[in-house]
Amino acid sequence: MVTNEIKTDSSLVAHLLRRAGFGSDYSQIQEFTKKKYEEIVEDFLNPEIFPEVEDKLISRHYISLGANKDNQATWNGRWFYRMINTKRPLQEKMALFWHHVLATGWTKSEHTPTMVNHIEMLRKNGLKNFRTILIELSKDPAMIYWLDNNENHSESINENYGREILELFSMGIGNYTEDDIKNAARSFTGWTFTQPLPLYPYGHYESKFIFKENDHDYGVKKFLEKTGPFNGEEIIDIISQQEATARFICRHLYNFFVEDEPQVPAWSITPPKNQFAIDQMVKSWLESDADLKSVMRTLLNSDWFKKSKMNRVKCPAEFIAATLKISGEYRSPDPGLVQLESTCIAMGQKLMDPPSVEGWHTGKEWIDGGTLTERVNYAIEILNDPNKPGVKFIINEIKNDKESHNPKKFVNRMLELVGFIEISENTKSLLIKLAEEDGKLSFRTKKDQEISRNRIMRMLRLIISSMEFQFS
Amino acid sequence: MSKPYALLRAGFPFYATLGMRRVTTMPMDLAIGKDQTIYVLNRMDEISEIRKINWKDEDLGTIPEGGKNLEWPVQILIDELDHIYISDEAKNKIIILDTSGKELDSWGEFGSTNGKINRPSGICFDKDNNIYIVDTYNHRISKFTKSGTFINSFGENGSQKGQLNYPWGIDIDHNTGDLLVSDWGNDRIQKFDYKGNFINDFELNNELVGKLDGPAGIAVDSHSDIFVADRGNHRIIQFNHKGNYVERFIGDAVLSKIGRTYLMANARALRAREMTPLEETKRFRGPTSVRIYGDLMYIPDLGSHRIQVYKKEAYELDETNILPDTDIPFLYNV
């Protein structure tokens, strides 16, 4: 039976939607409050029960989507469209998480189809067993070329992938030897891809994984204290079972979903901010045999997650998608999605093209004088328009709720309407002081309406310019 | 050609490949001018242009200023004065240029009431030189004079006969004056008379070739054969005037002249091509349009940045050559 009973606090729902998704508008938050928190989490953990974002209409207007994978900006525009419209927010968020951790970039290959397929692979597998994720990654042409495994031959190994799969994609530095790297590399010999046609004269074609039996080293290898004629999948089996792997990936999950940690190179010398949280996730990992869904269930249902509001700097993609969710734009495929890629680049993040195999540096490193200016200007540009559907909604909600005409309640209500943003007492008291200077809102006459609308718009600008709006 | 009593369909062989990426980049549609110049409407998600090529496969450049006013162009037509008509679904406009690119006119106003349009896509002229517009998001067809005066409209959203769901392409059967509309959201073709009265609809429901998936552009030749860009299936489907399936075209491209020139100067691309099976490279990728000029069928092969051309070979028959028309199958032994 559908009821309007509130089962989960709006503020907690908003927090969950910011972290396990890309933010939300007010109406969406209200809809989710009708479910118990644990039920919402289960919905997010089981994306397959909700429909995919429909591709047919966007492919009609972003015409290349239905025809080729040549244009990266268009495919990144499609990714933003999915972030905004998906009914499977955690699936999309996990794709972004893995894109950061298992960082693979476009710059080296300049081959967009393999990067598009790489992101799709992350989307499809992001909540599966870690073993599956690593196997799919190791067979991914974008990754194979990025880390030179196409040049890893039985008679002449290239250690690059063997090294990074241990150092950055699973166990972290200090948990394996140079010999382990060499033997991992040997096990991935012959894992390569088909030659695609070049971009000219008729556009890119896709590449597929192939295993070249005659280029594989079938010899005995010693790897992490085990010995055998291991192939790549068997090496991944061993990696996935290591507690070091669980600790390393769980710390990544904590950093991405809960609280900003130091950058990865410091992890071997700096303990986690919340050892208890990492231990809980590691326990789930080991008990579930590296099942990401189980680990994410532990994370999202934990008290430390629920209490972690507004302490993580949004990455540029999160910032843009969250802003557009408030503005109500791109609920259908309108012009402008392609430009979101360059907007995101200006803020320091090019999707499908992380700066190195280490991924993006996170937390406060997202913010400098230039990127902060880009962020604030972007939010103002997007939301400083009373005709945008989301902004119009905010104005009408304030107008129709007489209690919100009182200055203090006006500020509180505005914070709710932009997604239950929690701001410091100091910031709030400044906003209330400003609201009080102008007195109660009034909508009696046309002139009153215009003045009040301008005050709402000013308050909106101030909130989205606040330091807290940079956080999730 | 004119509509004969019946046809002996001898074949529809592949004829030519024209263009390449950077010249015919993401060709959405094309039209041919009086001097046989081919005007290719390139829509590249962010920017658009009208590119001119000829049968020698020469790049004649873009129409100066011609792309400046385009945002999301869908179809291009050229009238008997060599004026170019373009529908733009982002601007909700019909834009009229001369062949030098000078804008002669543009009209269209966003909205849902009579005379307004919302995301115009397919366009075609009738015999009186009025223009039919597929008014996609209003799920209807609207008729205007060439200068933009509203005449009438028909259609509404739905999946019943005569209703439309995000329609895309339109063409007129000049033998009858009937309109053929690609009902994109319903994966079918619908036929209306010139007043907008529903005549019939037909889908593709063939064991061998399956169904239509997002029919886009549509064209009718002088035999009243109907050609549909079956975009989701990356092919062109041919129906006869009754809506019966005749044949499919999946793409048979060879290297265009300009493509050969490019490859001969690029050692790396030549090597990659030598290392790759080529079967797939012949096929269409997401075509949005099909155009008929005489006995030639032009398919802007959007995803592969080229034009593929086929040539119809058919013999016109009269009542003395063939038995009377029937839909009743029969078996016989000659």
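Which residues of chain B form a nonpolar patch on the surface? I started my notebook with that one, keeping in mind that this is a predicted model.

**Entry 1: the patch.** I found B:Y5, B:I322, B:L323, B:F330, B:Y332 and B:V334 in the patch. Together they have about 740 Å² of accessible area. I then picked out B:V334 and looked up its place, which is in the segment after β26 (313-317) of chain B. Is B:V334 buried or exposed? I noted a relative accessible area of 89% for B:V334; exposed means over 50%, so B:V334 counts as exposed.

**Entry 2: a sheet in chain B.** Next I followed four strands that form an open sheet, in the order β7-β8-β9-β10, with antiparallel pairing. I marked β7 (73-78) and β10 (103-107) as the edge strands, since each pairs on one side only. On average, neighbouring strands here are turned by 20° against each other, direction ignored. As a reminder to myself, strands of a sheet pair through backbone hydrogen bonds. I zoomed in on β9 (residues 93-97) of chain B and counted four bridges to β10(B), in the antiparallel sense. For B:I94, I traced the bridge partner in β10(B) to B:W107.

**Entry 3: chain A as a whole.** Of the 472 residues of chain A, 60% count as buried.

How values were computed
Residues are numbered from 1 along each chain as its sequence is written. Chains are lettered from A and ligands numbered from 1 in the order in which they are written. This is a predicted model: local features need pLDDT of at least 70, side-chain atom pairs count only at pLDDT 80 or more; totals for chains, interfaces and linings use all residues. Side-chain values use heavy atoms; hydrogens and water are left out. Patches are made of residues with over 30% relative accessible area and no salt bridge: like charges are joined within 9 Å, nonpolar side chains (Val, Leu, Ile, Met, Phe, Trp, Tyr) within 5 Å. Accessible areas come from the Shrake-Rupley method with a 1.4 Å probe; for residues, only the protein chains shown count as cover. A salt bridge is a side-chain nitrogen of Lys or Arg within 4 Å of a carboxyl oxygen of Asp or Glu. Helices (H or I, at least four residues) and strands (E, at least two) are DSSP runs, numbered from the N terminus. Buried means under 20% relative accessible area, exposed over 50%, partly exposed in between (1.4 Å probe, protein chains only). Two strands pair if DSSP finds at least two bridges between them. Axes are lines fitted to C-alpha atoms, for helices over the stretch in contact, and angles run from 0 to 180 degrees between N-to-C directions.
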